[in-house]
Each structure stands twice: as structure tokens, then as C-alpha cells.
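Please open the model in your viewer and keep the selection panel at hand. The tour below goes from one selection to the next and says what is there at each stop.

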Amino acid sequence: MGLSSIFAKTVRDSRRAALLVGLIIGGFMFGTGAPYGRSPEFATVELREVFLAGISALPLALRGLLGEPINIVTLGGFLSWRVGNTIPVLFGLWPVIALSGTLAGEAARGSLDLLASTPQSRRSIALQKLAGHITALVFAMLLAAVLIWLVGAAFGSLPGDEIPLSAALGQVTLYGLLMLVSGSVAFAAAPTLGRTRALGLGLIALFAPYLIASYASMSSIIDALTPLSWYTWTAGHRPMAGVTDWVSLVPLALLTAGFLAIGVVTFARRDLGRTAVIGWLRLPSLPAGIHGPFTRQLADRTAIAIAWGVGTGLYGVLIVVSAQAFSDSLASIPGIADIIERIYPGIDIHQASGVLQLAFYGFASFIVGLAGASFLAAWAGDEDGGRLAVVLAVPLTRASWMLRSGLGVYAAIGILTLVLGAIIGAAVVTQGGDALTPLIGIAILGLAAAGFAGIGLAAGGLIRSTLAAPVAALVVISTFLLDTLGPALDLPDPVLQLSLFKHLGQPMAGIVDPVGIIAAVALAVGGLVIGAWGLQRRDLER
Amino acid sequence: MDPAIRIEGLTKSYGDHRGIIDVDLAVEQGEIFGFLGPNGAGKTTTMRVLLDLIRPTSGRAEVFGMDTTRDAVAIHRRVGYLPGEFDLYDRLTGADTIAYFANLRGGVDRTYVADLVARLDLDPSRRFREYSKGNKQKVGLVVALQHKPDLLVLDEPTSGLDPLMQQTFFELIREARTDGRTVFLSSHIIDEVDRTCDRVAIIREGRLVQVDRIEAVRRLAFHHVELTFARPVAASVFEGMDGVSDVVASGVAVHLRVSGPVGAVLASATAHGLVDVVSREPNLEDVFLAQYGQHAAADGER
């Protein structure tokens, strides 16, 4: 089944991911739509308008990263704003990872040589792979559209709450394109730059336009970048909210097609698997790290840790340089100080540290957590790639290897945190602020990431190392969703308290809760110890 | 003196998949022991149990009298291992990779390492990811050999090596034997195994089917016999005789394969005007292929 062509095999390989993405998007809509449709707080148009007025009073940065609320007095509009605006970013990871690796990853493994030796042109191989991925994406979006339509039918309680299938399809067309455009950047870059760099560029293309659109109101610097953001281009296309702007999708579609075409042509022309050496994209040579598992792990993770630190730090710099403008815009809103004091007690929005807590901390914790998961993915390569069998043939206990290599992962998170702290600290100082307070927050952010990585290490040691990264990523994503969507979903307090970030205080603003710190340390230490114990008890993979 | 390897009633299952079943085996110190079998027969599984990379489902394995599960680290001090499939650190050079494993072990003689690198004609300055398959294999061999281990466990060590390097490799392991060290290897270069190994085991579908000295294995196997007669003789004369198979009559010659004593065949041939007889002892490859053949025949009957 599904092995009749490269296209069919690609679809076959992507079917689980497509099903999962479609179901999870539907699940998000269901999880948000059900309480909205049934909650007494949204039972009448008037109540909904009160809610809308409250939201509209808040500046964009305080609304989270959800964008402009459009017609949120209807179920479709509410879903589109509360859940929909984050969907392309969260699920855009799928095309970025898939399209950066579909050809380059296969080239690195050597399997592309075999494929290219069949009577198929290079262009045909690339096009079939691409078509396979796009087919899977279309399937996922169609599934999501049907589920969105069902949510509208099941939970709509007022006239206008129903979500026509055509509106759901219009909305998922936007999601699909926003997801695909970042993947297309990765696809265009992969034949030339290789999988890892293409993945990095794809991730930048995924997050940067989203952040620009979200924080444009905070400063003129960010606002000047909005013409580059496809989230800004398409901000008026929300069919679920009854607003369409199909024309805005045309440039996005053309851009996507252009990147994909570049990828196909480049792949057809270049030597298979041969990547270009681009000096400015090369990180400096680092020590080889051959003294033991700790230094080996750290040496292999250091460059990417620095890259994560620099990327996240630049995002933080944007927030810091916009802090004054942000503070001024808030001051112009009557009564806003009271609202902020109620929601975020003890935060001084006139300080860069306070603005960083409001506008940086949540998303940065998500990014740094995912960085930790990416280190675990590379860590797992030792066992998955067969290296561990050679390493453990030396006089070294499994527990010792696990502890030392796990500490190497933590040290990489430490390097990321140091780089991030250095960049943001410098930015705060140049703005005349106190650098120490946000630095404490960044250290705690790193500690939380180490805690999440600890959960992954425990799973990796106990079951198999390739589970470490997915488990850690799942915990990071779940925590992020719990923090951002949990209150809107009206989840019970004990569930909301499961988020580690609920117990860390507001550390960027200098408010530190020791409970969360102890929990993060316990997760990091306990996870590593459990992982070491588990690895001693099981068979090695391969 | 404890055997280098002692395996008793060793079974390893992977859920529904067969690994190895009730394997008993002893490898004496100072011998080169060949471990042969078709792909998926259980060679790698056996070797991974010896290194404690996987644990027995039942039975036990010892290396130099030490239990593989309990005394893994002590065993690893005395063992050099080359997996059948491996990938090392892409960004490290060959020299860095070798140095890393030397650091993990400690006490490695750098002069000997340099000698190994030179004999295997390895350029250690290149990054591992840039190496060809054969050069990666050379790095793996240096890592396995560099500390002059008492026992070498080598899974398909000649894979990817060119014929000259295969010769060098077999020289190296013959030298190891001369030093009193033990080599346990699997290989598909049966001709070299035939010439180099002292003893051999054949494993098929997870079970050991033959363990003996090379000469004995050959002796216990069949002979190729070519009979020449004064006039043409029908194949049916010999077909059906005990131990006789693959009878082909061609003019005045009859080719057949005989397992066990050839007396009855010669007596019958003499009665039909035998003029000449040529008998060739099988080499290890014949034995090995015969095991495959029996397997295929058994499959055909099923």
C-alpha cells in the first residue's frame, strides 16, 4: 500500500502526522467552542459585547499573541481569535521539519542516491515529494474544517454562531498557506544549505512574521517591519468571523509557490547531498570535546545552543527597545494601570523588566523549552545512530554515560541561557534599565527548560532515547497551551496549576516563587537519575 | 583457565520476533573463532548480549568467566568491539574520534594507534561524515583494536574494506592470536574465515547448527565426487543411495555429492566399470552453502 510511487510513499509516510494535525486542530476548536457555547458568561449578545469591550481595551501585547479580535461575539469569530491565530505557528512546525528534511535528510542518509538512480528525473522526485506533503497538509486541513463545522453545529447557542463549511474551509485555507510558507522557505534552502540550516531558516520564517504582527503596536521599529509579515497581509481574512479577504492570500500563495519552485530547481541542478559552505552562516569552530560523554555532548550542542540564544535574544531585544513606547501607550489608556495591577500584581510596566515579563516571558519560555527538546533529539542520536553501542563497549557504566551526557544537555541549556541573558542584559543596560532583575528571570527560564528536559531524559532512559525529545516537546507545548488557552477554556484550577510556570512567579519582573524553582530542580535532577536507572535496566536500541 | 566466551542456553526474544534460541557455545582463549550465518540468523544478537548491550531472555553468557549482565564494565576493559552497523560523530575528525575512545578507556599506546592508522591507510585528518564507508570501517577497527584487548568481538569487520585492506585486517587478527588474544568474528568473506579461523560456528534461524574446528566441519560435510566410466552410466544407478545427492550424468562422467562414507558409492561404481574417481574436499563456503541449501529445501517441503 502506498508504495507505487514517490508521491504515494510520501503521502503514506505523512498520513499519521496529517491525521494528528487535523484532529488536534479540531480538538482545540472543540475544547474552546464547548465552554463558549455553554458558558453563562457568553449566553447573550450583550454579555459577549461586554467581554469584547474588555478585550479591546487591552493593548495587543497584553492580549497575548492572539492578534486583533474580529467579531468575537460569534462562536466562529471567538474561535478564530482565541485559538485560530496561534494554529499556523504551532502546526507550522510540521511543514518546516518535513520540508527541510524530505530531500536533504534523505541525501544525508544516503537513501536519496538510490532513489535518484531509478528512472526518475530529479525534478520529478522533488515534485512528487512536495506533492505528497502538500496532499497530506490538504488532508489535515480538510479534516480540521469538517471538525470546525461540527463544533459550530454542536455548540452554537445564538444566531450567527453556526460556522458554515465554506467558512471553515476558507479559514483552513489560510492556516494551510501560513503553515506551508515557512516550510517552503526551508524547502528552498535545504538543497543548498543542508537540513539543519534550512530548518533554522524555516523556524525563523515561522516565528518572525508572527511576532512582528503581534508586537507591531508596541514600537515603531517593529511596526516598520510589518510589510514583511504575511500575518499582517492576511489579518483581514477570517472567514469564521464572517470577514474574508481572499485577495490577501494571493501574494502569500505566490510567495509560497516561488519558494517551492526555487527548492525544486535548486535540487535538480545541484550535486546530490552537497551543501554550500557559507562563511557567515558557519558558527565558529569549537573544541572537539573528546574528554568524555559530558564534553562530547556539550561540544556537539554548543553551536546550536548559541544559535537558539541569539535568536531568542534578538526577539527579547525587540521587546526591550520597545518598552518605553509600550509603557507610554499603556499610560494613555484610562484605568489600564488598575487592570494590569489586578492581573499582574507587582509588575512595574515602566521598567523594561516589567515589559519583558508581560510580553516576552511566556513565548520565550516556550521557545527555550523547545530548544531543550531539540538538544534531546540530538542527544538521542547517540543510541539511535548506533554510536552508543561503541561507547558502551568501553569500561563505562550505562548510568555514568547517562548522567554525564544528560549533564551535557543541561550545560547546553545553560549556554543558551547565558547567551540570552547577555544579549537581553546588554539591551536593558543600553536603555538605562536595571539588568539584574531580568537576568534572574532568564536564569529561571533556563531552569524551567532543564526541568522539561529532565522529563524527556527520564522517558529516554526508561523506554528509549528517541522518546526523550517528543516527550519534552509535548510537555512544553502542553504547558504553553495550558497557560494561554486554559483560562479561556475555563479549566478547573487544579488543572491550571499543573503548569510549572504557575509556580515560578513573575521572575523577569523580580517576583520569584521558590516552589517552582524547587520543582524545576527536582524535575531536572530526578529526571536524570530516573533516566540513568532506566537505561541500566533495558536493552539498547539497534 | 576460563574460556574467553561461554554461552549457556542463551535465548533472546524480541517480543514476537525470534532472536536466538537456546544457544550453547564456548570460545577458548587464544583462538580465532568464526561465527557464520545468513542475514538475520542471530549473529549480531549474540554479540550484543556479550557486550551487555541487550540482556538475555533466558540463559547466560560469560566473558573470561564474568557474567555479561553483572560485570559489564570489567568485561569491557578487556574487550574491543566493532558493531556491524555504526555511525560515529559526524563533526569529529578520524583522529578526534579515535582519541575520544582512547580517552574513555585510558592507557592506550599512541604509538600502536599510529601504527594501526598507517597499516589501515587511514587519513585521520578528515571529518567522520566525509569518510567513505570503508574509511568509516577503518576508524571503527582502530577504535576496537587500539587498546590491544584480550578479546575482539567483531561483527562483519571486513564490510566495506577493499581486498588489500581485508588482507591487512586478517593479518592484524592473526597477530592478535599470536599474542595470545582471542578473536570472535562474523564475516561473509568465507574464504578468509576458512584460512584464518581455528574454529567456526554456523547459526541459522537463531539456533546453532554446527560448531567445530574448520577441518572437522569440512570432514563432516559432503564430498564432491566425479566418477568416470568406460561407457555412459545412468544417474539412476546412484540416486536414492544413502548420503548421495545432486547426481548429474554427463557422457561417461557422473558428478555427485556424498555425505558420509563413500564406500557404497565406490562399490557400485566399480560394478559399472569405473575408470577414474576424483574426490574434492569441500571448503567452508561449500559447507555454508549446503546449510543454506538444506534450509531452502526444508522451506520447499513446508
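Select chain B to begin: of its 302 residues, 43% count as buried, where a residue is buried if 20 or more other C-beta atoms lie within 10 Å of its own, exposed if 12 or fewer, and partly exposed in between, with the C-beta atoms placed from the backbone. This is a predicted model, in which local features need pLDDT of at least 70 and side-chain atom pairs count only at pLDDT 80 or more, while totals for chains, interfaces and linings use all residues. Residues are numbered from 1 along each chain as its sequence is written, and chains are lettered from A and ligands numbered from 1 in the order in which they are written.

With chain B still selected, a box of roughly 75 × 40 × 35 Å, taken along the principal axes, is filled by its C-alpha atoms. Its secondary structure comes to 10 helices and 14 strands; helices (H or I, at least four residues) and strands (E, at least two) are DSSP runs, numbered from the N terminus. Among the contacts in chain B with a separation of 6 or more, 68% are between residues 24 or more positions apart, two residues being in contact if their C-beta atoms, placed from the backbone, lie within 7 Å.

Next, colour the strands β2, β1, β4 and β5 of chain B, which in that order form an open sheet of 4 strands with antiparallel pairing; two strands pair if DSSP finds at least two bridges between them. The edge strands, each pairing on one side only, are β2 (17-27) and β5 (66-67) of chain B. Zoom in on strand β1 (residues 5-14) of chain B, which pairs with β2(B) in the antiparallel sense over 7 bridges. Along this pair, Lys12(B) has Ile20(B) as its bridge partner in β2(B), and Ser13(B) stands opposite Arg18(B). The hairpin of β1(B) and β2(B) has 2 residues between the strands, and Gly15(B) takes a positive phi near 60° there.

Move on to Phe64(B), in the loop between β4 (58-63) and β5 of chain B. Its phi is near 50°, a positive value in a residue other than glycine. Most residues other than glycine have a negative phi. Phe64(B) counts as buried because it has 20 C-beta neighbours inside 10 Å.

Now show both chains and select the contact between them, which takes 25 residues from chain B and 20 residues from chain A. On the side of chain B that touches chain A, α2 (72-77), β6 (79-82) and α3 (94-105) of chain B each supply at least two residues, and α3(B) gives the most, with 7 residues. By class, this side of chain B has 16 nonpolar, 2 polar and 7 charged residues; Ala, Val, Leu, Ile, Met, Phe, Trp, Tyr, Cys and Pro count as nonpolar, Asp, Glu, Lys and Arg as charged, and the others, Gly among them, as polar.

Turn to chain A and colour domain 1 (1-281) and domain 2 (291-542), whose bounds come from an automatic or database domain assignment. The centres of these two domains of chain A, taken over C-alpha atoms, are separated by 25 Å.

Which residues have the most contacts inside the largest nonpolar core? They are Ala453(A) and Ala472(A), in a core of 243 residues, a nonpolar core being a set of buried Ala, Val, Leu, Ile, Met, Phe, Trp, Tyr and Cys residues joined through C-beta atoms within 7 Å. Helix α8 (residues 165-193) of chain A gives the most to this core, with 17 residues. Domain 1 (1-281) and domain 2 (291-542) of chain A both give residues to this core, so it lies between them.

Finally, select Ser405(A) in helix α19 (residues 398-430) of chain A, which counts as buried because it has 25 C-beta neighbours inside 10 Å. Not counting residues up to four places away in sequence, Ser405(A) touches Pro293(A), Phe294(A), Gln297(A), Trp379(A) and Asp382(A).
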